[in-house]
Protein chains: 2
Amino acid sequence: MQVVSTIKNLREITKKARRAGQTIGLVPTMGFLHDGHISLMRRARQENDVVVVSIFVNPTQFGPSEDLDAYPRNAVRDKALMVEEAVDVVFMPNVEQLYPDEFTTFVEVEGPMAQVLCGQSRPTHFRGVTTIVAKLFHLVAPDRAYFGQKDAQQVAVIQQMVRDLDFDLQVVICPTVRETDGLAMSSRNTYLSPRQRAEAVVLSKSLFEAREVIAGGERRAGAVAQGIKVRISEVPDAVIDYIAVVDARTLADLDTLTGEVLIAVAARFGGTRLIDNIRVAVSIHEGCSITGR
Amino acid sequence: MQVVSTIKNLREITKKARRAGQTIGLVPTMGFLHDGHISLMRRARQENDVVVVSIFVNPTQFGPSEDLDAYPRNAVRDKALMVEEAVDVVFMPNVEQLYPDEFTTFVEVEGPMAQVLCGQSRPTHFRGVTTIVAKLFHLVAPDRAYFGQKDAQQVAVIQQMVRDLDFDLQVVICPTVRETDGLAMSSRNTYLSPRQRAEAVVLSKSLFEAREVIAGGERRAGAVAQGIKVRISEVPDAVIDYIAVVDARTLADLDTLTGEVLIAVAARFGGTRLIDNIRVAVSIHEGCSITGR
């Protein structure tokens with residue numbers, strides 16, 4: 001496994017691979033790797049000759065009052081995990097490599113998709129995400145890039161960017177990986193106290209229950225959201241940020257469930273903001289087939 | 001010469017070239033080709049195995065009251081000229097190919113560089129330019145892309161975008177090509193009446209005189225700008241938009257000329273807005289060496 005910290009060294013390696021006709025899979029991460037990241041690496045390993053993982057806590061996707069400085073880091077453990085997963089190249093740049101002093105260019109999905117859901121409480125977040133992802137795409141020139149369904153809005157926004165700007169690569173979305181009790185894996189789960197950790201499972205529980213309700217025939221988005229709200233509100237310390245029942249591709253609000261539906265929630269447990277979601281494929285004419293993850 | 005109108009066909013050709021190890025030079029244009037464009041094609045022809053020219057009047061770089069619909073077009077003549085110049089591939093898409101209905105992603109150089117000079121009267125212009133250029137870079141994946149120094153601010157903004165977003169290509173800037181009397185070549189020159197055409201030469205004349213004044217020792221930016229203003233004001237129908245004496249790379253205002261200096265002017269002749277500029281390399285300690293173009 002090669003660990004590189006400079007753009008120059010990264011380009012040398014990826015160019016050599018491309019010239020040799022090798023395919024490249026990119027897994028962009030902020031490190032502090034968990035089983036969700038591992039699942040992305042395994043999928044990338046299966047589908048590509050060369051697997052590149054980037055580890056970079058990207059400052060432009062954090063708001064001024066967010067947890068940039070506190071974000072958990074553990075480079076030694078991350079490297080050991082990546083060796084286990086037969087990763088070929090790890091790109092771990094410092095901030096100055098990617099954002100030199102004169103930096104001033106941003107890639108932004110305008111329109112409502114990036115402004116709803118997490119965009120409401122994190123107005124510059126997705127601009128930071130699309131900018132760093134565009135940079136990584138240019139640096140690595142991957143054939144495929146891997147993201148987790150856990151970050152459903154990020155997935156939708158990146159797919160929109162790839163379509164709109166004609167990036168020549170495939171975005172591969174992998175299912176959310178969960179703890180045994182259902183909590184979606186997240187590096188931010190480490191912020192939780194034992195009590196908050198126990199309470200946080202309400203997010204996935206409420207989503208799974210919503211899936212059952214839809215399987216039972218419910219098609220009113222408002223009723224589905226209300227059921228989730230009631231469920232989460234039973235936990236005294238959970239402060240709901242949003243509950244959204246939307247089109248999975250456009251993130252547009254739905255009145256009646258149809259097609260690929262995204263049900264997404266965000267809530268705070270003390271100072272920790274967690275998100276979770278499921279996707280449900282609803283065929284309004286023939287009942288519903290469910291692909292919740 | 002292959003003329004393609006779809007993204008799919010363009011990608012097939014450029015991918016085949018890359019797989020064969022060929023270098024690609026891209027000349028992005030809005031068509032209605034003149035000797036300035038030709039000079040870009042010839043330079044691209046010298047330096048690359050495959051020359052791709054795009055002809056696309058990009059709507060996102062025109063303001064609502066600007067000349068998008070009136071912009072001159074002549075595809076038949078353009079094609080004949082490109083055959084003469086041994087261009088390999090011409091990409092002539094329609095608007096729907098590059099901007100489908102759901103399009104919503106923009107690349108923007110924020111900060112002052114895109115807001116000064118032409119950015120003041122054309123506030124969304126450079127966002128449109130960087131967005132379409134990023135798209136063309138992704139579609140063609142050129143080794144080199146060719147632009148004219150005539151559009152000095154466009155050059156500075158595109159170079160900033162390439163640096164900031166880590167595009168893996170070389171931006172090649174070619175000197176402004178001029179008519180015999182000095183008027184910078186522009187597709188918009190066709191808008192001019194014979195009288196306006198005669199008057200418009202004042203732009204280049206004022207710039208060349210400024211170069212002489214600097215060669216004579218003038219180092220005060222304000223004095224250089226004032227000289228240009230007086231000269232252009234002698235033409236009754238010329239309405240000055242701006243006269244700028246700035247750092248050529250950052251477009252930041254200068255008080256005292258030093259380093260690579262850009263002297264840029266914009267003025268209206270009737271309904272036609274024209275721009276021109278020269279670059280002057282000023283070494284404050286050892287006199288000045290001049291590379292005006």
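User: How many residues of chain B are in contact with chain A?
Analyst: 24 residues of chain B are in contact with 23 residues of chain A, where contact means C-beta atoms, placed from the backbone, within 7 Å. This is a predicted model: local features need pLDDT of at least 70, side-chain atom pairs count only at pLDDT 80 or more, and totals for chains, interfaces and linings use all residues. Residues are numbered from 1 along each chain as its sequence is written, while chains are lettered from A and ligands numbered from 1 in the order in which they are written.

User: Which element of chain B gives the most to that side?
Analyst: Strand 5 of chain B, with five residues. Strands (E, at least two residues) and helices (H or I, at least four) are DSSP runs, numbered from the N terminus.

User: How does strand 5 of chain A pair with strand 5 of chain B, parallel or antiparallel?
Analyst: Antiparallel, over five bridges; strands pair if DSSP finds at least two bridges between them. Glu108(A), for one, has Phe106(B) as its bridge partner.

User: Switching topic, what domains does chain A have?
Analyst: Domain 1 covers 2–174 and domain 2 covers 187–282, with bounds from an automatic or database domain assignment. Their C-alpha centres are 26 Å apart.

User: And how many residues of domain 1 of chain A are in contact with domain 2?
Analyst: 13 residues of domain 1 of chain A are in contact with 13 of domain 2 of chain A. Helix 5 (118–121) and helix 7 (152–164) of chain A are the elements giving two or more residues to the domain 1 side.

How values were computed. Contact = placed C-beta atoms within 7 Å.
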